[in-house]
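Let's take a walk through this structure together.

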Amino acid sequence: MFTLDSEIPIARRFGGALKLAQHALRTRLDEALRPIGLTTPQCAVLSALERQPGLSNAALARAAFVTPQTMQSILANMERNGLLTREPDPDHGRILRSVITARGRKALMQAHAAILDVEAVVLAAVGEREAERLTLALTRCAELLSK
């Protein structure tokens with residue numbers, strides 16, 4: 001049971017355990033995506049563009065949990081590697097809209113499989129029902145903390 005006792009080491013408190021799990025997940029995802037030639041933020045970009053083509057730099061930065069400045073560098077690398085193209089917004093010339101290329105789509109399909117393999121480790125540890133319950137609880141936490 002989690003308490004608000006400040007004597008408990010941070011790694012054993014809820015926030016600490018959550019951060020440790022997030023870090024372990026990110027590390028495992030980075031390892032799984034490396035052979036595909038993607039980073040976790042690049043995968044987040046491709047996933048966001050898969051759902052909604054033409055997103056702006058700012059929207060992609062939010063989707064990948066990075067700053068707009070960092071996203072600019074990520075997008076430049078992805079464009080150079082042929083994973084996406086960027087075109088000026090017809091209404092706002094300074095805004096560039098990103099679209100996945102065929103090469104990017106192929107990498108994303110491989111990434112989806114790699115991510116499912118990583119998620120299978122978690123599902124095996126906690127079970128599918130508990131994973132669904134945790135997903136709902138963590139989504140609620142994120143919504144409450146974002147207000």
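A quick word on names before we start: helices (H or I, at least four residues) and strands (E, at least two) are DSSP runs, numbered from the N terminus. What you're looking at is a predicted model, so local features need pLDDT of at least 70 and side-chain atom pairs count only at pLDDT 80 or more, while totals for chains, interfaces and linings use all residues. Residues are numbered from 1 along each chain as its sequence is written, and side-chain values use heavy atoms, with hydrogens and water left out.

Let's begin in a loop. Ser56 sits in the stretch between helix 2 (40–51) and helix 3 (57–64). Is Ser56 buried or exposed? With a relative accessible area of 15%, Ser56 is buried, because the cut-off for buried is under 20% relative accessible area, with exposed being over 50% and partly exposed in between (1.4 Å probe, protein chains only). Setting aside neighbours within four places in sequence, Ser56 is in contact (heavy atoms within 4.5 Å) with Ile95, Leu96 and Arg97.

Now for the core. In soluble globular proteins, nonpolar side chains tend to be buried together. A nonpolar core here is a set of buried Ala, Val, Leu, Ile, Met, Phe, Trp, Tyr and Cys residues joined through side-chain atoms within 4.5 Å. The largest one has 22 residues, and Leu38, Val45, Leu49, Leu60, Met71 and Met78 have the most contacts inside it. Helix 2, helix 3, helix 4 (68–80) and helix 5 (102–126) each give two or more residues to this core, and helix 2 gives the most, with five. Pick out Val45 in your view: not counting residues up to four places away in sequence, Val45 touches Leu60, Ala64, Met71, Ile74, Leu75, Met78 and Leu84.

Next come the charges. Side chains of opposite charge can pair when their charged atoms come close. How many salt bridges does the structure hold? There are four, each being a side-chain nitrogen of Lys or Arg within 4 Å of a carboxyl oxygen of Asp or Glu.

Arg97 is partly exposed at 27% relative accessibility, whereas Asp89 is buried at 11%. Another links Glu79 and Arg86, with the closest N and O atoms 3.2 Å apart. Glu79 is partly exposed at 32%, and Arg86 is buried at 16%.

Asp30 and Arg26 form a salt bridge too, at 3.1 Å between the closest N and O atoms. Both lie in helix 1 (residues 14–33), four residues apart, about one turn of the helix.
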